Amino acid sequence: MAACEEIYRRKGLLIRRIPVGLFQANCYMAMNEDSMEGFLIDPGAEPIKITSEINDIGLLPDAVLLTHGHFDHIMAVNELKIKYNTTVYAHEDEQKILRDAELNSSLMTAHMKYTTSADVLLHDGDIIETAGFRIRVIATPGHTIGGVCYLVEDHDIMFTGDTLFYESIGRSDLPTGDSDLLLSSIREKLAVLNDNIKVFPGHGDMTSIAHEKQHNSFLRSNSVDE
């Protein structure tokens, strides 16, 4: 199983990536090195492992940001919320997936019923201010109806969940998924962003908008749908 690794450190922001769970979903820890406060992205499983890494760097987690509600991105949320008294954020359209074990696939794939809920319901363009950072919400429905990406302003980094991967994109054949909507989200919301933005996806390796524009056919509006 892959270990936690530091993947970004600049201007007081430290980010670690922890692959967790059945599908090795990327849970990210982001910390303001001045205050030690920070936030988590998609704590999908293995709360003991995540807690150990939090303690290792002395992180004080203030928020949990969910890119979407599939079980492999949420199954440590409840335990971490209780332990650290964090606020959980998700798009308003994703709340029904978080609360439904069939929609979030925990019942079908993990053979257990897991549900959670968000404390703050987000909309496209919202700004989250936490741990001294400004994080812009970019609604990118298609993988799920309420999928979002989180752009950390002043750092040119973005967490894309299962919307955009290294030279690929997320699937759209699960409940509330829509392939046309996913492609529109990627082309109209992500492909137009600054080339310098580093992309931290929900699975696999990090990439950048520049790399994906060059190598990912789905970011080109004239590409042929597969």
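This is a predicted model: local features need pLDDT of at least 70, side-chain atom pairs count only at pLDDT 80 or more; totals for chains, interfaces and linings use all residues.
Residues are numbered from 1 along each chain as its sequence is written, and side-chain values use heavy atoms, with hydrogens and water left out.

**Rings around Phe39**

I looked up phenylalanine 39 and phenylalanine 133: the ring centres are 6.3 Å apart and the planes stand at 80 degrees, so this pair is edge-to-face. Phenylalanine 39 is in strand β4 (residues 37–41) and phenylalanine 133 in strand β9 (residues 133–139), so the pair ties together parts 94 residues apart in sequence. Strands here are DSSP runs (E, at least two residues), numbered from the N terminus.

I then took phenylalanine 39 with phenylalanine 159, which also form an edge-to-face pair, at 6.3 Å centre to centre and 90 degrees between the planes. Phenylalanine 159 belongs to strand β11 (residues 157–161) and phenylalanine 39 to strand β4, so this pair ties together parts 120 residues apart in sequence.

I checked burial next, where buried means under 20% relative accessible area, exposed over 50%, and partly exposed in between (1.4 Å probe, protein chains only). Phenylalanine 39 has 1% relative accessibility and so counts as buried. Phenylalanine 159 is buried too, with a relative accessible area of 1%. Phenylalanine 133 is likewise buried.

**Cavity and pocket**

I used a 1 Å grid over the protein atoms alone: a cavity is a set of points where a 1.4 Å probe fits but cannot get out, a pocket is an open set with protein on both sides within 12 Å along at least five of seven lines, and lining residues have an atom within 4 Å of a point. Points are joined across faces, edges and corners, and a volume is the space filled by probe spheres set on them.

I found 1 cavity of 30 Å³ or more. Its lining includes His68, His143 and Asp162.

I put the largest pocket at about 250 Å³. It is lined by 14 residues, and Phe23, His70, Asp72, Arg171 and Leu174 are the closest to its centre.

Definitions and conventions:
Rings of Phe, Tyr and Trp (its six-membered ring) pair if their centres lie within 6.5 Å; planes under 30 degrees apart count as stacked, over 60 as edge-to-face and the rest as tilted. Helices (H or I, at least four residues) and strands (E, at least two) are DSSP runs, numbered from the N terminus.
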